Amino acid sequence: MVSTPAPAPTQRNAGIDLVRVLMTMLVILHHSAIVYGGSGGWFWREEPNASNPLLVMFNAVNQSYFMGLFFLLAGYYTPASFDRKGAGRYLADRWIRLGLPLLAFFFILFPLTVALADATGGADLLRRWGQGIVGGTHGPGPLWFAIALLIFAHVYALLRRAGAFPADGRTAVALPRASIFLLAMVGIGLMAFAVRLVIPVGHEVLWLQLGYFPGYILLFLAGIAAAPHRLLERIAMRAALPWLAVAVLAIATLPVVLLLHGAAGGFEGGWNWNALYYALWEPFVATGVILTLFAWATKPGRQSGAVGQWFAANAFGAFIVHPPVVVALGRWAATMPYAPLVKFVGVSAAACLGAFAVAAALRAIPGVRRVL
């Protein structure tokens with residue numbers, strides 16, 4: 001499943017940057033879809049939760065792979081960063097790059113987003129925001145991802161010190177065989193099903209939905225294993241396409257199951273067929289989409305121009321600031337007499353551009369670029 005020689009260790013891959021940008025935009029679209037009838041939790045919505053079947057399907061497919069892909073990339077860059085900096089500097093850098101944005105969102109952007117969802121005007125917005133900062137409800141929002149990565153970073157550093165991860169490159173030079181992929185998908189699905197018997201999807205422990213974490217942990221570890229020989233940048237499209245076909249078939253089964261077995265138990269978790277189906281469905285979709293995405297994005301010769309580089313540089317910042325942008329645009333569009341799907345298209349597109357623009361403006365402030 002490997003098609004090209006490994007790039008040089010310091011060579012930046014434009015395809016990886018493209019994946020990061022696309023996944024950041026998909027996160028923004030995902031949360032915009034919740035506003036207009038998709039499924040999931042969000043700060044403000046115009047339409048009832050899970051009221052639009054198309055957006056529910058859109059959110060379900062996204063959820064199967066997009067955050068897992070972020071964990072895969074995080075693991076992919078972890079060994080080189082650790083080797084270059086050592087344990088102390090590596091963890092200090094993680095706290096700067098992840099901890100500071102987490103604190104900023106927790107105490108500033110979360111109250112702002114709540115205020116935008118509830119305020120009736122400019123003066124009311126400032127009043128509610130100030131009250132929220134001082135004594136309101138706080139939370140990490142999408143920066144739960146930073147909490148998880150900080151935990152993963154510390155565990156990695158401890159295990160690396162204990163010799164659990166090889167530091168000399170003695171790792172696989174090719175992706176696993178199909179049988180290994182199948183075993184991994186079934187195993188992760190069964191582990192997710194087991195976890196969701198205790199902690200169903202939608203329930204949080206320290207702001208983390210642990211029902212999704214079996215897959216996140218495996219993908220983070222897969223990224224670490226793939227890093228020494230840059231395997232994510234060498235996936236052959238001819239090898240990825242069969243897995244994409246599996247993913248498409250799996251996606252096609254979801255509306256059928258919803259129609260025929262919608263009352264057979266909750267998909268979120270429990271001893272029922274729907275929960276088992278959903279837990280197994282996710283890794284089968286994720287595997288095909290992720291492999292195909294990397295095979296397409298990292299094909300040899302792909303380069304990034306000035307526009308692509310601008311989007312890549314501001315992707316992490318856009319991920320952080322997008323909640324208030326999405327809520328503000330959604331509230332503004334609420335008075336417009338358009339169908340929910342039309343609003344979704346317009347608001348999500350504007351939110352993508354707006355979030356990247358806000359991130360670029362913040363990165364122009366001295367010192368912020370060190371974090372974002």
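## Helices, loops and a pocket in a predicted model

Just after α4, G163 has a positive phi of about 85 degrees. The model is predicted.

α4 has 18 residues. From its first C-alpha to its last, α4 reaches 26 Å, close to the 26 Å expected at 1.5 Å a residue. Its buried residues are W144, F145, A146, I147, A148, L149, L150, F152, A153, Y156, A157 and R160. The cover over these buried residues includes α2, α6 and α10 (315–333).

H154 also lies in α4, which spans residues 144–161. Is H154 buried, exposed or partly exposed? Its relative accessible area is 30%, so H154 is partly exposed. Beyond residues up to four places away in sequence, H154 touches L91 and W95. With W95 there is also a polar contact, side chain to side chain, at 2.9 Å. L98 is 56 residues from H154 in sequence, and the two C-alpha atoms are 13 Å apart in space.

T78 is found in helix α2. Its relative accessibility is 5%, so T78 counts as buried. Which residues does T78 touch, not counting residues up to four places away in sequence? They are Y90, Y156 and F220. Y156 is one of the buried residues of α4. F220 is one of the buried residues of α6.

α6 covers residues 213–226. Its 14 residues reach 19 Å from first C-alpha to last, close to the 20 Å expected at 1.5 Å a residue. Buried in α6 are F213, P214, G215, Y216, F220, G223, I224 and A226. What covers them includes α2, α4 and α5.

**Helix α3**

α3 runs over residues 122–135. Its buried residues are D124, L125 and G132. They cover an arc of only 100 degrees around the axis, so they sit on the same side of α3. On the other side, G122, A123, L126, V134 and G135 are exposed. The cover over the buried residues of α3 includes α2 (53–118).

| Helix | Residues in helix | Span, first C-alpha to last | Expected span at 1.5 Å a residue |
|---|---|---|---|
| α3 | 14 residues | 20 Å | 20 Å |
| α4 | 18 residues | 26 Å | 26 Å |

**T292 in helix α8**

T292 lies in α8, residues 273–297. Why does T292 count as buried? The cut-off for buried is under 20% relative accessible area. T292 has a relative accessible area of 13%, so T292 is buried. A polar atom of the T292 side chain lies 2.8 Å from the backbone oxygen of G288. Leaving out residues up to four places away in sequence, T292 touches M237, A240 and L244. The helix α7 spans residues 237–261.

**The second largest pocket**

The second largest pocket has a volume of about 1100 Å³. Its lining has 36 residues. Nearest its centre lie G40, G41, Q63, Q209 and Y212. Which helices each supply at least two residues of the lining? They are α1 (14–35), α2, α6 and α7. α2 gives the most, with seven residues.

Most residues other than glycine have a negative phi. L206 and R230 have positive values. For L206, phi is near 55 degrees. L206 is in the loop between α5 (178–198) and α6. For R230, phi is near 50 degrees. R230 is in the loop between α6 and α7.

Are these two residues buried or exposed? L206 has 65% relative accessibility, so L206 counts as exposed. R230 has a relative accessible area of 11%, so R230 is buried.

Key
Residues are numbered from 1 along each chain as its sequence is written. This is a predicted model: local features need pLDDT of at least 70, side-chain atom pairs count only at pLDDT 80 or more; totals for chains, interfaces and linings use all residues. Side-chain values use heavy atoms; hydrogens and water are left out. Helices (H or I, at least four residues) and strands (E, at least two) are DSSP runs, numbered from the N terminus. Buried means under 20% relative accessible area, exposed over 50%, partly exposed in between (1.4 Å probe, protein chains only). A polar contact is a pair of N or O atoms within 3.5 Å; within protein, one must be able to donate a hydrogen and the other to accept it, and residues adjacent in sequence count only if both atoms are side-chain atoms. Contact means heavy atoms within 4.5 Å. The expected span of a helix is 1.5 Å times one less than its number of residues. The arc is that of the directions from the helix axis to the C-beta atoms. On a 1 Å grid over the protein atoms alone, a cavity is a set of points where a 1.4 Å probe fits but cannot get out, and a pocket is an open set with protein on both sides within 12 Å along at least five of seven lines; lining residues have an atom within 4 Å of a point. Grid points are joined across faces, edges and corners, and a volume is the space filled by probe spheres set on the points.
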